[in-house]
Amino acid sequence: MCGIVGSVGETKLRDYLLHGLKSLEYRGYDSAGTAFLTKEKLEVFRLPGRIDDLNQLVPAKMHGAAGIGHTRWATHGEPNFVNSHPHCSQQGYFTIVHNGVIDNFRSLKKKLQNQGCKFQSETDTEVIANLMEMHYLKAATKNPLDAIKKTLEDLEGSYALAILFKKDDTKVYFAKLHSPLVIGKGKNTNYLASDYVPMLDYATSYYIIDDYQYGYISQKEVVVKHLDPNEEKPLVFHQTDLKVIDIGLNGYPHYMLKEIEESPEVIKRLMDNYVDGNQFVFDDVLIQKFQEADQIIFLACGTSYHAALVGRRYFESIGKTSRVYIASEFAYYPEVKGKHPLFIFISQSGETADLIRCVKIIQQQGSPILTITNTKGSSLDRASDFTLLLYAGMEIAVASTKAYIAQVALLAILRAALIGNTEIITDLIEVEKAMKGLIGAKLEIKAIAEAIAKEPNVFFLGRGLDYDVALEASLKLKEITYIHSEGLPGGELKHGPIALIKKDVPVIAFVSDQITAAAIRSNLQEVLARGAKVYVVSNQALAKEEDDFVTRNTKTYLSPLTKAMVGQYLSYYAALSLGRDIDKPRNLAKSVTVE
Ligand code: AGP
């Protein structure tokens, strides 16, 4: 988590740093800061708060030759002034911003303290700055790049660093390990940022920094070294087509609402990219890997994990043994049965640390990895054998909506490709229509949302695919409303959770499958008998007169696409009625780049 930027050259530094940080705010928004370096002085501005607050703090005329900036998701120390980045070394030689976690910072801090170093903050980052200073002062060469290299050799953990060295305002130094960092080349200015987006209006070509690389940018130069000199290679800068992607609010009050309503376009875009007439467009080698695989293992976290649950049912239904693991669990208990597993990583951001940790484990055993991601050039994209892009467009709201839709739809298309079932094309056209109908009827969902928002606990029920959706709807609700919520399989209620049901507790049930419709309705009778307030979300084919919201019919296997949208609207409108910060819910960040 955390977003970092840096720049040196002719561009208006304040504009780049603050606009850049604003576009990285999705990565964390507990506190923020910038540092501006000129020959005469270094000026640091930081505070607990948002980028808009920082904008007020940094004088409008502030300028500098080189600068860095940070938006924080706290890992070490609460989000207060002293823990905000940038952090300076004791004698002020090095000023740094950091995204990542230094696992051995305690022992390094102790060593520095034993040598008389005094710390202002509780952060691991301040330790890095002071280590650099220690190495710099100790070495006869007095070369900041050597001091940085020596420091990196001491560090265990993850870092993307942008570094100012007080005696040289012509450079911004950097280093990267397991946290993303991109260099952008512009006209007489070079840039650093955690992703491309801050640089879209500035740079003309990009270089994604690899693990263990470090170096510096200056106005005209980009110098990239590797901790292992044998690994040094020529730099290849590339263009990005991201400019065409719309990242504005376009009149919507929140990104989340905009992104929910982009779902029909997302389905269309996936079909445009993966279906050509009656042919599927997938790499033949990937299809062969699926055919050879004796089991499919999905790894994912959060919402992407919920999409993987649906994917497991899809592949099981065509005879492929499939399992789903939460990546942070698999990382420590990597059980693999079967000789030829194919791993599928699902990740909107492609930067989730828990997944990146699993890559290494799987690579050691030599199994192929397919990553399904929304982020071209992300760490997972680059580390995998195959990538399928979601083409969902940038997702900015922290709560994932359209990316989930894209993940499920792409898994359905992949399943269809594996069995040569072109009916998916008409099935997805039906889904698009059902989604548009749903957007038109959203105010009906709003009324339910406003009723449930008043309650401290909400339960979602479903069976089969509806259970997978219940889990996702529940996660969405807790993320942005802070209402306690659980998603349950209808049949499990009576095995314990029914003890929590009492008068007026909202229970929302998804009913999309003929096979389980009667069973879930009978579960609802059990909670009704105990005073719960029941809301049923069904489809036209299974609807009863008393149901609260009815979606248009789609094929049952695609029902998560419309039902999840209902869950997204429910959360959105409940959060709205509670006055929550919908796009930036408390304690969360969009890319979870720490373990
Ligand atoms: C979803 O609303 C979340 N904010 C979160 O659960 C997210 O899905 C999870 O962190 C995984 O992220 P990824 O898809 O980028 O890997």
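These are my notebook entries on what I looked up in this structure.

**Ground rules**

I'm working with a predicted model, where local features need pLDDT of at least 70, side-chain atom pairs count only at pLDDT 80 or more, and totals for chains, interfaces and linings use all residues. Residues are numbered from 1 along each chain as its sequence is written, and side-chain values use heavy atoms, with hydrogens and water left out.

**The sheet**

I began with the strands (DSSP runs of E, at least two residues; helices are runs of H or I, at least four; both numbered from the N terminus). Seven of them make an open, antiparallel sheet in the order β3-β2-β4-β1-β10-β9-β11. Strands count as paired if DSSP finds at least two bridges between them. At the edges I found β3 (42–48) and β11 (205–208), each pairing on one side only.

Next I went through some of the strand pairs. β1 (residues 3–9) and β4 (residues 66–72) run antiparallel and are joined by six bridges. Ser-7 has Gly-67 in β4 as its bridge partner. Strand β9 (residues 182–185) has four bridges to β11, also antiparallel, and there Gly-184 partners Tyr-206. Four bridges also tie β9 to β10, with Lys-185 opposite Asn-190.

How many residues sit between β9 and β10 in their hairpin? I found three, and Asn-188 in the turn has a positive phi of about 55 degrees.

**Helices**

Helix α1 (residues 13–24) lies across β1, β2 (31–37), β4 and β10 (189–193), at about 160 degrees to β1. Contact here means heavy atoms within 4.5 Å.

Then I turned to α16 (residues 465–481). Its 17 residues should span 24 Å at 1.5 Å a residue, and its end C-alpha atoms are 24 Å apart, which agrees. The expected span is 1.5 Å times one less than the number of residues.

Is α16 largely enclosed or open? 14 of its 17 residues are buried, so the rest of the structure largely encloses it. I'm using buried for under 20% relative accessible area, exposed for over 50%, and partly exposed in between (1.4 Å probe, protein chains only). After α16 comes Tyr-482, with a positive phi near 70 degrees.

**Aromatic rings**

I noted 22 aromatic pairs in the structure. Rings of Phe, Tyr and Trp (its six-membered ring) pair if their centres lie within 6.5 Å; planes under 30 degrees apart are stacked, over 60 edge-to-face, and the rest tilted. One of the pairs is Phe-36 with Phe-45, edge-to-face at 6.0 Å centre to centre and 75 degrees between the planes. Both of these residues are buried.

Why is the pair of Tyr-93 and Tyr-136 called tilted? Their centres are 5.1 Å apart and their planes stand at 45 degrees, so tilted it is. This pair links distant parts of the chain, 43 residues apart: Tyr-93 is in the loop between β5 (87–88) and β6 (94–99), Tyr-136 in helix α4 (residues 125–138). Tyr-93 is buried at 14% relative accessible area, and Tyr-136 is buried at 5%. I also saw that ring pairs link Tyr-93, Phe-94, Tyr-136 and Phe-165 into a cluster.

**Charges over rings**

The charged end of Lys-109 sits over Phe-119, 5.0 Å from the ring centre. Lys-171 lies over the face of Tyr-216, at 5.1 Å from the centre of the ring.

Methods: Lys NZ or Arg CZ within 6 Å of the ring centre and 35° of its normal. Axes fitted to C-alpha atoms, helices over the stretch in contact; angles between N-to-C directions.
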